[in-house]
Amino acid sequence: AMPFYARALALMLPSVGDHRFVALLLAPPDEVAGTYEELVDSGYERAVQDDWLTVDNGDGRTARVNDGAIVFGALADLAETVIPWWGIFDMDIGGNLIAAGPVLNSDGEAQPLVVAAGNQPRFTDGELKLLSSCEAPG
């Protein structure tokens with residue numbers, strides 16, 4: 001995965017006003033081919049998220065996190081399905097994949113979402129985190 005400088009993260013995920021759309025992915029995207037496998041369900045659509053904050057990650061890096069919960073509509077059709085990855089897009093359908101990552105627990109370990117019909121998947125306030133690399137010199 002490509003590291004992002006803090007300034008680049010702030011441009012990719014503006015503090016307020018520019019729509020970004022969070023998607024639930026069934027596998028890691030193929031960055032070379034530019035392909036991804038997104039959840040399909042009649043109750044599912046990407047969740048719009050306009051507000052992102054810069055926070056200190058505590059290890060010399062900053063991060064951009066969601067400001068407010070990201071809540072998807074209730075799923076309608078699925079049998080139990082594992083969602084191991086998320087993606088952030090610039091459009092509600094299609095568009096450019098801006099960033100993607102595995103679903104992690106609070107300890108930073110992979111812990112996919114498990115969803116089924118009737119569930120309303122969500123990321124709580126600050127749960128979706130994109131870390132910066134060390135800041136570029138100069």
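Predicted model: local features only at pLDDT ≥ 70, side-chain atom pairs only at ≥ 80, totals over all residues.

Me: Why is Phe123 called buried?

Reply: Buried means under 20% relative accessible area, exposed over 50%, and partly exposed in between, with a 1.4 Å probe and protein chains only. Phe123 has 2% relative accessibility, and therefore counts as buried. Phe123 belongs to strand β10, residues 122-123. Of the 138 residues of the chain, 34% count as buried.

Me: Which residues does Phe123 contact, leaving aside its neighbours within four places in sequence?

Reply: Contact means heavy atoms within 4.5 Å. With neighbours within four places in sequence left aside, the partners of Phe123 include Val22, Leu24, Ile70, Phe72, Trp86 and Leu128. Phe72 is 51 residues from Phe123 along the chain, and their C-alpha atoms are separated by 8.9 Å. For the chain, 70% of contacts between residues at least 6 apart in sequence join residues at least 24 apart.

Me: What makes a group of residues a nonpolar core, and which members of the largest one touch the most other members?

Reply: A nonpolar core is a set of buried Ala, Val, Leu, Ile, Met, Phe, Trp, Tyr and Cys residues joined through side-chain atoms within 4.5 Å. The largest has 23 residues, and Val22, Leu24, Ile70, Phe72, Trp86, Phe123 and Leu128 touch the most other members. The elements giving two or more residues to this core are β1 (20-25), β7 (85-89) and β9 (113-115). The largest contribution is that of β1, with 4 residues. Among the contacts of Leu128, with residues up to four places away not counted, are Val22, Trp52, Ile88 and Phe123.

Me: How do you know that β1 is mostly covered?

Reply: In β1, 6 of its 6 residues are buried. Arg20, Val22 and Leu24 are buried on one side, and Phe21, Ala23 and Leu25 are buried on the other, which leaves both faces covered. In a regular strand the side chains alternate between the two faces of the sheet. Strand β7 is also mostly covered, with 4 of its 5 residues buried.

Me: What makes two strands a pair, and how many bridges join β1 to β7?

Reply: Two strands pair if DSSP finds at least two bridges between them. Strands β1 and β7 are joined by 5 bridges in the antiparallel sense, and therefore meet that condition. Leu24 has Trp86 in β7 as its bridge partner, and Phe21 stands opposite Phe89 in β7. Strands β1 and β2 run antiparallel and are joined by 3 bridges, with Val48 in β2 as the bridge partner of Phe21. Strands β7 and β8 also pair in the antiparallel sense, over 5 bridges, and Ile88 stands opposite Ala99 in β8.

Me: Why are β2 and β8 placed at the edges of their sheet?

Reply: The open sheet of 4 strands has the order β2-β1-β7-β8, with antiparallel pairing. Strands β2 and β8 (97-102) each have a single partner strand, so one side of each is left without a neighbour in the sheet.

Me: Is Arg46 buried or exposed, and which polar contacts do its side-chain atoms make?

Reply: Arg46 has 7% relative accessibility and therefore counts as buried. Arg46 lies in the loop between β1 and β2 (47-49). A polar contact is a pair of N or O atoms within 3.5 Å; within protein, one must be able to donate a hydrogen and the other to accept it, and residues adjacent in sequence count only if both atoms are side-chain atoms. The side chain of Arg46 makes such a contact with that of Tyr36 at 3.2 Å and with that of Glu38 at 2.9 Å.

Note on methods: Residues numbered from 1 in each chain as written. Heavy atoms only, no water.
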